[in-house]
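Me: I'm new to this one and would like to learn how to read it. Can we go through it together, step by step?

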Amino acid sequence: MADMFLSILIVSAIAAALAALLVVAQRYLANYGKCRIKINDSKTIEVEGGSPLLESLAQNKIFIPSACGGRGTCAYCKVKVMEGGGPVVPTEEPYLDEGERKDGVRLSCQVKVRNDLRIEIPEELFSVREYLCTCTRIRELTHDIREFRFELKEPAEITFVPGQYVQLFSPAYDGNEEVYRAYSIASDPAEKNIVDLVIRLVPGGICTTWCFEHLKEGAEARFNGPYGQFRLSDSDAPMIFVAGGSGMAPMKCMLHHMKNTGNKRKTTYFFGANLVNELFYRELMQEFEQSLGSFRFVPVVSRPGEGDPWDGETGLVTEALRRNIKDAAGCEGYLCGSPGMIDAAVKVLVELGVPENKIFYDKF
Amino acid sequence: MNTDGVLVQALVVAFSAAFTGNILLTNFLGMCPFLAVSRQVKTSMGLGWAVLFVMTGTCILNWVVYWHVLVPLHLEFLRFIMFIIMIAAFVQFVEMLLERYSPVLYQNLGIFLPLITVNCAILGAALFMVIREYTFVNTVAFGLGSGAGWMLAILAMAGIREKMKPDRIPQGLQGPGITLIIVGLMALAFMGFTGVLSGG
């Protein structure tokens, strides 16, 4: 009996001593003092060394997009490190191609700040802010898609390019860790103190489950943004929109913007759903058809049930695209939806004559 | 025993650990990193140095813990768990030290260090050191010798694999298959050292 207690005591004592040693080592060895990060040769910030670059920048309110939370798996947080980043570490290797390595591109979550750095980030990331807001309205759009309206409190206004997204913060709950997840802004960009997000419940999804089960009207929430390169081009070329499910969000935002700015580009919007009752925003789209002039909304239902009267397009959204458009040379494609849908739509658009560099998309 | 005698004995222990009783080729310990990282001489060298260093360091630490903590308390049966804890902590500590003071070394060895924490050759060496009841000096020699032996084996293997690259190997034998056959031949060759030392 005494032996047992003694052995437990000894093992615990030695383990505790080693742990203490490591904590002390962490405190003194991993302490790199103050480091200066020079950004785009203009702005310099001073940070406490020893943390990943991504984290150090976030503490200074410079938000680099990151979906995986700094684990080095999403590769969104790429920045150019011109000086002081050290060699590429093995965890970054799979995400950097030859050209990027030459340009000094690194994953900011994997670069530790150990000394002074000189980095380059896209200028627009400076306008990324963290927004504190109140959820003021939740609308059921279909059985698994809801529209969440957020009224901004601090800062009170947001300026963004239609098509961009924000990263919504989901706090820790029921044993799930806190995460940020990206959602495109769906609301009218003219309403600067409002952000609508269209969110589909992903079974088992941490953030979407939080939105559907824990986020209530009147509750506080926060997000950061805006991010993203998905946006309307400056040309007058006719446009083909293809979206499915919550991929509606950036398209709706772009249509609001086109209405606000009197943009009369010829636009055809193919929107795919499985069932008739999974279509949403139909009245709104009819309004756009009238107010925009040369806009046509083509809802496509892949399995119109027996009970639901449906006389519109059926089948896959790509099949409807093929039926309705014979020649798309000179057009631009804008796609938002699941990777599968996007890959299929890109293939069809290319076959119809749209050059690949004129197809823009947001995969999720 | 006079100082000369101690040194000679230590040399014998080191030599036998590296050659006649090579931890990899006669005991077949530490095979996973041996098979995985023996494609290039350069990376093998990095891993070899890391093993040499960690093996020597942990043998010394574990000798102290075993003879001065576990034996006086009659808790020898705890040596497995104790050795593992010591090895893990040592590797962590060394990693931090390198990261701070020698970025170049960290870049070369850093990624291998965590790999070695779970390397059975490191634990194996510590356990041999106990079973054979080495003195402190002999333990240091044994750690160095075993590490050097392991490094020698992986360097030889990497050299052979680099030479073999252009060769056409039957599909079923590519990768681990041919490597294991080569290890077997190398083990046979190392058996030739047996008898070089009497009582080694």
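Me: Which residue in S11(A) does A:Gln167 stand opposite?
Reply: Keep in mind that this is a predicted model. Strands of a sheet pair through backbone hydrogen bonds, either parallel or antiparallel. Here A:Gln167 stands opposite A:Asn224 in S11(A). The strands involved are S8 (residues 165-170) and S11 (residues 220-227) of chain A, which pair in the antiparallel sense over 3 bridges.

Me: In what order do the strands of that open sheet in chain A come?
Reply: Read across it and you get S9-S8-S11-S6-S7-S10, 6 strands with antiparallel pairing. At the edges of the sheet are S9 (179-184) and S10 (194-200) of chain A; each has a single partner strand, so one side of each is left without a neighbour in the sheet. From one strand to the next, the twist averages 40 degrees.

Me: Which strands does helix H4 of chain A touch?
Reply: H4 (residues 206-213) packs on the sheet and touches S7 (145-154), S8, S9 and S10 of chain A. Compare directions too: that of the helix makes about 75 degrees with that of S8(A).

Me: Now the interface. How many residues of chain A are in contact with chain B?
Reply: Count 21 on chain A, in contact with 22 residues of chain B. Together the two chains bury about 1,800 Å², with 78% of it on carbon and sulfur atoms. Sorted by class, the side of chain A that touches chain B has 15 nonpolar, 3 polar and 3 charged residues.

Me: And how many salt bridges are there between chain A and chain B?
Reply: The count is 0. For residue pairs in polar contact between these chains, with both at pLDDT 80 or more, the count is also 0.

Terms used:
Residues are numbered from 1 along each chain as its sequence is written. Chains are lettered from A and ligands numbered from 1 in the order in which they are written. This is a predicted model: local features need pLDDT of at least 70, side-chain atom pairs count only at pLDDT 80 or more; totals for chains, interfaces and linings use all residues. Side-chain values use heavy atoms; hydrogens and water are left out. Two strands pair if DSSP finds at least two bridges between them. Helices (H or I, at least four residues) and strands (E, at least two) are DSSP runs, numbered from the N terminus. Axes are lines fitted to C-alpha atoms, for helices over the stretch in contact, and angles run from 0 to 180 degrees between N-to-C directions. Contact means heavy atoms within 4.5 Å. Buried area is the accessible area (1.4 Å probe) that two parts lose on being put together, summed over both. A salt bridge is a side-chain nitrogen of Lys or Arg within 4 Å of a carboxyl oxygen of Asp or Glu. A polar contact is a pair of N or O atoms within 3.5 Å; within protein, one must be able to donate a hydrogen and the other to accept it, and residues adjacent in sequence count only if both atoms are side-chain atoms. Ala, Val, Leu, Ile, Met, Phe, Trp, Tyr, Cys and Pro count as nonpolar, Asp, Glu, Lys and Arg as charged, and the others, Gly among them, as polar.
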